[in-house]
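Welcome! Please take a moment with the sequence and the model below before reading on.

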Amino acid sequence: MKKIRRLTIISIIIVYIVILAGATVRMTGSGMGCPDWPKCFGYLIPPTDRSDIEWKKNHNYKKNQIIIFNDSLIYANKDFKSSTYIGRENWSNYTKHDYSKFNVYHTWIEYINRLIGAIAGLSVLILFINSLKFINKRKSITLLALLSLTGILFQAWLGKTVVDSNLLAGKITIHMLMAILIVSLLFILLSKLNVKESNLIFNRYISNLTLISLLFLTIQIVSGTEVRQFVDIEMLSNNYSDKNKWLMNPPDSFYFHRSFSIIIFIVNSLILIKLKKMIIESEIFKIIM
């Protein structure tokens, strides 16, 4: 029991790091640093210079390797060696989106984000494998581990759709909400593994506040992605400079998102105060708070 509990805690920590890495990707505008998925410009290890993804004569190209040609992305139809001219018969246009910029800084931020995501997937897979020993005695543990693994795999697919859509706001919102769902599943699993805390019965006041907190969190995430979409447009229109202009004329959703965070803080503070008054020592709630 201690081993699987430790694995669950490790998985929770790694998933939180993935969320943090995803936020870093969004804040730095690195979401399209790798225009394809799961590889990056067709490489397992991404390029470090623009010259690495430009056409070269007498160069060996691998199938599906991507280069930038005439400010567009094209990919190799097969393995071949280039001659003295490009030979477009060996290349096809990349049609999933038209984003063709290269920024090594953005590329590696996005690549590191994907690596951490892969580590999270591996962690949850190991967790699920270890949960199989409980399949007869405590099926809920195995089921929660399976749901967490399914969620991680679905999240990886969602990441692909986000890139293919060139960071469509709606897909980013679903991607973020799925991350919160995975964290929730892992916390539920952790509570099942903690025998002492699994017997706690919280009163209706705390239960209702917790549900309200989850609802408010969902609203905050959705409004946040709308704000981020607006900022992305402003960043692009100002050529990623003049930061003071990005929020000169913000939408109403910006003010809502900014102020709504105070309400979320108050609701969660009320939960914490109530728990202390009830003299409930819950490690899980301390971690969440």
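This report walks through confidence, a sheet, a disulfide, some salt bridges and one arginine.

**How confident is the model?**

What you see here is a predicted model. Its mean pLDDT over the chain is 87, and 93% of the residues reach 70 or more.

Three of them build an open sheet with the order 2-3-5, and the pairing is antiparallel. Strand 2 (66-69) and strand 5 (91-93) are the edge strands; each has a single partner strand, so one side of each is left without a neighbour in the sheet. On average, and with direction ignored, neighbouring strands of this sheet are turned by 40 degrees against each other.

As a reminder, strands of a sheet pair through backbone hydrogen bonds. Between strand 2 and strand 3 (residues 72-76), the antiparallel pairing runs over four bridges.

**One disulfide**

Which cysteines are linked by a disulfide? They are C34 and C40, with their sulfur atoms 2.1 Å apart. A disulfide count for this model comes to one. In general, such a link is a covalent bond between the sulfur atoms of two cysteines. The link of C34 and C40 is left-handed, with -85 degrees about the S-S bond. Are these two cysteines buried or exposed? Both C34 and C40 are buried.

**Salt bridges**

Side chains of opposite charge can pair when their charged atoms come close. The whole structure holds five salt bridges, and the table shows some of them.

| Salt bridge | N to O distance |
|---|---|
| R50 and E54 | 2.8 Å |
| E110 and R114 | 2.8 Å |
| D164 and K160 | 3.1 Å |

Start with R50 and E54, whose side chains meet in a salt bridge. R50 has a relative accessible area of 32%, so this arginine is partly exposed. E54, at 31% relative accessibility, also counts as partly exposed.

Next come E110 and R114, which lie four residues apart in helix 2, so about one helical turn separates them. E110 is buried, because its relative accessibility is 7%, under the 20% cut-off. R114 has 14% relative accessibility and therefore counts as buried too.

The pair of D164 and K160 sits in helix 3 (residues 139-164); being four residues apart there, D164 and K160 are separated by about one helical turn. D164 is buried, with a relative accessible area of 17%. This pair also belongs to a network: salt bridges that share partners join K96, K160 and D164.

**A buried arginine**

Our last stop is R26, found in helix 1 (residues 2-27). R26 has a relative accessibility of 18%, so this residue counts as buried. What is R26 in contact with, leaving aside its neighbours within four places in sequence? The contacts of R26 are L167, I172, R228, Q229 and D232.

Notes. Residues numbered from 1 in each chain as written. Predicted model: local features only at pLDDT ≥ 70, side-chain atom pairs only at ≥ 80, totals over all residues. Heavy atoms only, no water. Pairing = 2+ DSSP bridges. Helix = DSSP H or I, 4+ residues; strand = E, 2+ residues; numbered from the N terminus. Axes fitted to C-alpha atoms, helices over the stretch in contact; angles between N-to-C directions. pLDDT = per-residue confidence, 0-100. Disulfide = S-S within 2.5 Å. Buried < 20%, exposed > 50% of the residue type's maximum accessible area, 1.4 Å probe, protein only. Contact = heavy atoms within 4.5 Å. Salt bridge = Lys/Arg side-chain N within 4 Å of Asp/Glu carboxyl O.
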